Amino acid sequence: MLTGDLVRLRPLEPEDADALYRWHNDENVMRWLQAYFHESLAGLRKRLADREENSYEKVTLCVETVEERKTIGIVALRDADPVNARGKVDIYIGEQEYWGGGYGTDALRTLCRYGFRTLRLHSIELTVVEANERAIRSYQKLGFQVDGRLRQAFHRDGEWHDELLMCVLADELT
Ligand SMILES: CC(C)(COP(=O)(O)OP(=O)(O)OC[C@H]1O[C@@H](n2cnc3c(N)ncnc32)[C@H](O)[C@@H]1OP(=O)(O)O)[C@@H](O)C(=O)NCCC(=O)NCCS
């Protein structure tokens, strides 16, 4: 288990399916995330029960608060490239009452530290819709910088949005 100041990161369990199902059907949570197809609760339960163990290529972890041990979201570190020591991250905090409380930033910091110190990555990247200001602010607090722009890469409710490519190098993580 990886421990930050506010959160712990732990492997997913089949029992997490109900929380994930609730988050995936919450339009506020999913607003700036790619979600084309809706998944049944049965399908999600099966996927969690069958999922492969975490590995260098893909680490997916639940975010749990240190104080109440409440499961509030998911982080993932994926597509690790051993030659260039690059990896990609994703995050969402599904329990909205925790937004703005520093939990997402602490979770991503803890995951990036693991990527840099344990997996020996050199850079970590993500993409974020430009309109997702809270997420961008969180990433900037961690030392992520905008390295590129994907024009009109995200479509939602009849509108195109640009996505930003943001990266942090190992010695830049705050
Ligand atoms: C993005 C997310 C992971 C951030 O986690 P969080 O716990 O809310 O983030 P934090 O509280 O650590 O930091 C958020 C920062 O944004 C600021 N903020 C909040 N609303 C904002 C807004 N509308 N515009 C700009 N900044 C905003 C907060 O004040 C805080 O900055 P501060 O510490 O300087 O005051 C979380 O909000 C989330 O999961 N959102 C829904 C899913 C999502 O968008 N995931 C990311 C996809 S790329």
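Mentor: A helix here is a DSSP run of H or I with at least four residues, and a strand is a run of E with at least two; both are numbered from the N terminus. The model is predicted. Along the sequence, the chain reads β-β-α-α-α-β-β-β-α-β-α-β-β.

Trainee: How many helices and strands does the chain come to?

Mentor: Five helices and eight strands.

Trainee: What makes α2 (27–30) a helix?

Mentor: A helix needs at least four residues. α2 spans 27–30, so the run meets that cut-off.

Trainee: Why does the radius of gyration of the chain agree with a compact globule?

Mentor: Set the value against the rule. For 174 residues, a compact globule would have a radius near 16 Å. The chain has 16 Å, so the two agree. Its C-alpha atoms fill a box of roughly 40 × 40 × 30 Å along the principal axes.

Trainee: Which residues come nearest the ligand?

Mentor: Ile93, Gly104, Thr105, Asn132 and Lys141, out of 22 around it. By class, that shell has eleven nonpolar, seven polar and four charged residues.

Trainee: Which element gives the largest share of the shell?

Mentor: α5, with six residues. β5 (86–93), α4 (103–118), β6 (123–129) and α5 (133–141) each supply at least two.

Trainee: What makes a residue part of the lining of the second largest pocket?

Mentor: It needs an atom within 4 Å of a point of the pocket. By that test, 14 residues line the second largest pocket, with Glu27, Met30, Arg31, Arg156 and Asp157 nearest its centre. The lining divides into four nonpolar, four polar and six charged residues. The pocket's volume is about 300 Å³.

Definitions and conventions:
Residues numbered from 1 in each chain as written. Predicted model: local features only at pLDDT ≥ 70, side-chain atom pairs only at ≥ 80, totals over all residues. Heavy atoms only, no water. Near = heavy atom within 4 Å. Nonpolar A, V, L, I, M, F, W, Y, C, P; charged D, E, K, R; others polar. 1 Å grid on protein atoms, 1.4 Å probe; cavity = no way out; pocket = protein on both sides within 12 Å on 5 of 7 lines; lining within 4 Å. Points joined across faces, edges and corners; volume = space filled by probe spheres on them. Rg over C-alpha atoms; globule rule 2.2 N^0.38 Å.
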